[in-house]
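This report describes side-chain packing and pairing in a single structure. The sequence and the structure are shown below.

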Amino acid sequence: MKQMKKVGSCAYLLANPVAVVSTSSVVGPVEGAGRLGEAFDYVSNDDYFGQKTWEQAESAMVSRAVGILYDKSHLTPNDTGAFFGGDLEKQCTGTSFGFRGWNLPFCGLYGACSTFAEGMALGAALIDGGYMTVAGAAASSHFSAAEREYRMPLAYGNQRQLCAQRTVTGCGAVLLSAELPTERYVAVTSFAFGKMVDAGVTDPAEMGAAMAPAAYQTITTYLEDRGKVSTDYHRIYTGDLGEVGYTILRDMTGFGWEYEDCGRLVFTPDQDTHAGGSGCGCSATVFGAYILPDMLKHPGSRVILAGTGALLSATSTLQGESIPGICHLVELECREGVKTC
């Protein structure tokens, strides 16, 4: 009888830590002018990334992020058992088209802005289960493509609500491996898959309010399963609740200094993005540019990355449907390298 790795109702513990080998972050010019501008691997001075359309630009971001990812590691695409990725476009074409030409086993995901955490969890689980030794995860979004898809084309010049967030133009990616580094590294040690939570929000501009209840459900259940409290962690990050959702979740949980949201970290107040950043590329780029480097400065630090997603479509909101939320999370730990003889 194999030992169960599930603890409580949602937490899954890995029998072996899965190392983060490398990360990459590719963003547009607005993100490059934000708080983390110098920390991103590549900042384009053109929203189109040299392409003819915004959708093609997103695929170009994805391809560039994958290239940087392998350039920063000792691995090659041939070493990779599977790559998990997704975005906000119809049929996830932003990501899938970006993987054309890479000759990689690709598994498309749609978890909206929870996609990056979901991909990391799936990759770590398959590595821990012995099905592969290397897996990758990527997530991307593009402000202009997302506005055209879910709200109003930018050419209309419509006024955005103050509760609205700016979709991050960016792609973040990560390589995970069963082989543990000899130097200090960050590893995935456990994860949780969330349940659908529908708070009845129907306005596609109120993403933070739609996703915060799902974040509350997954994070608090996970902490209870693990017998932990929020202050046991160096940081707890949500993916992209923005200022509105961040405030709601803090009010619901009582979290303090240990809690932060990736959507609050991307832009500066003078950029006037209203409620902050959002999109699949939000937590994906912030992870490589900020979260991972910060963890490596703090040996033994443990972090929860809770990806939050609003599972709506352009059709569902026009039909008056409410917006269900989802939250998946991964727990990471900074460890010292494995000594070799």
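A nonpolar core is taken here as a set of buried Ala, Val, Leu, Ile, Met, Phe, Trp, Tyr and Cys residues joined through side-chain atoms within 4.5 Å. The structure is a predicted model.

## Nonpolar cores

The largest nonpolar core has 47 residues, and M120, F287, I291, L305 and L332 touch the most other members. Helix α8, which spans residues 280-296, gives the most to this core, contributing nine residues. A second core of 29 residues is separate and includes L241, F255, A310 and C327.

Not counting residues up to four places away in sequence, L332 touches V20, M120, V186, A187, V188, F287, M295, S301, R302, V303 and L305.

T115 lies in helix α4, which covers residues 115-128. T115 is buried, with a relative accessible area of 1%. Its side chain reaches the backbone oxygen of A112 at 2.6 Å. Leaving aside neighbours within four places in sequence, T115 is in contact with G85, G86, L109, Y110, A138, A139 and C280.

A112 is placed in the loop between β5 (106-108) and α4. Its phi is near 55°, a positive value in a residue other than glycine. A112 counts as buried, at 1% relative accessibility. C92 has a positive phi too, of about 55°, and is not a glycine either. The place of C92 is in the loop between β4 and α3 (93-98), and C92 is buried with a relative accessible area of 11%.

## Salt bridges

Side chains of opposite charge can pair when their charged atoms come close. Eight salt bridges are found in a search of the whole structure. One of them joins K5 and D128, with the closest N and O atoms 2.7 Å apart. This pair links distant parts of the chain: K5 is in the segment before β1 (6-7) and D128 is in helix α4, 123 residues apart. K5 counts as partly exposed, at 34% relative accessibility. D128 has 11% relative accessibility and counts as buried, because the limit for buried is under 20%.

D41 and K72 meet through their side chains in a salt bridge of 3.2 Å, N to O. D41 is partly exposed with a relative accessible area of 33%, and K72 counts as partly exposed at 43%. Elsewhere, R226, R302 and E331 are linked in a network of salt bridges.

## Surroundings of R264

The side chains of R264 and E243 meet in a salt bridge at 2.9 Å, N to O. R264 is in the loop between β11 (259-261) and β12 (277-278), and E243 is in helix α7 (residues 242-253), so the pair links distant parts of the chain, 21 residues apart. E243 counts as partly exposed, at 34% relative accessibility. The charged end of R264 also sits over the ring of Y246, 3.8 Å from its centre. In another such arrangement, the charged end of R166 sits over the ring of F143, 3.8 Å from the ring centre.

## Aromatic pairs

A search of the whole structure finds 10 aromatic pairs. Y12 and F191 form a stacked pair, 5.3 Å centre to centre with 10° between the planes. The pair links strand β2 (residues 11-27), which holds Y12, to strand β9 (residues 185-192), which holds F191, 179 residues apart. Y12 counts as partly exposed at 28% relative accessibility, whereas F191 counts as buried at 6%.

F116 and F287 form a tilted pair, 5.8 Å centre to centre with 55° between the planes. F116 is in helix α4 and F287 in helix α8, 171 residues apart. Both F116 and F287 are buried. Finally, Y12, F191 and F193 form one aromatic cluster.

Conventions: Residues numbered from 1 in each chain as written. Predicted model: local features only at pLDDT ≥ 70, side-chain atom pairs only at ≥ 80, totals over all residues. Heavy atoms only, no water. Buried < 20%, exposed > 50% of the residue type's maximum accessible area, 1.4 Å probe, protein only. Helix = DSSP H or I, 4+ residues; strand = E, 2+ residues; numbered from the N terminus. Contact = heavy atoms within 4.5 Å. Polar contact = N/O pair within 3.5 Å; in protein donor to acceptor, adjacent residues only side chain to side chain. Salt bridge = Lys/Arg side-chain N within 4 Å of Asp/Glu carboxyl O. Phe/Tyr/Trp six-rings, centres within 6.5 Å; stacked < 30°, edge-to-face > 60°. Lys NZ or Arg CZ within 6 Å of the ring centre and 35° of its normal.
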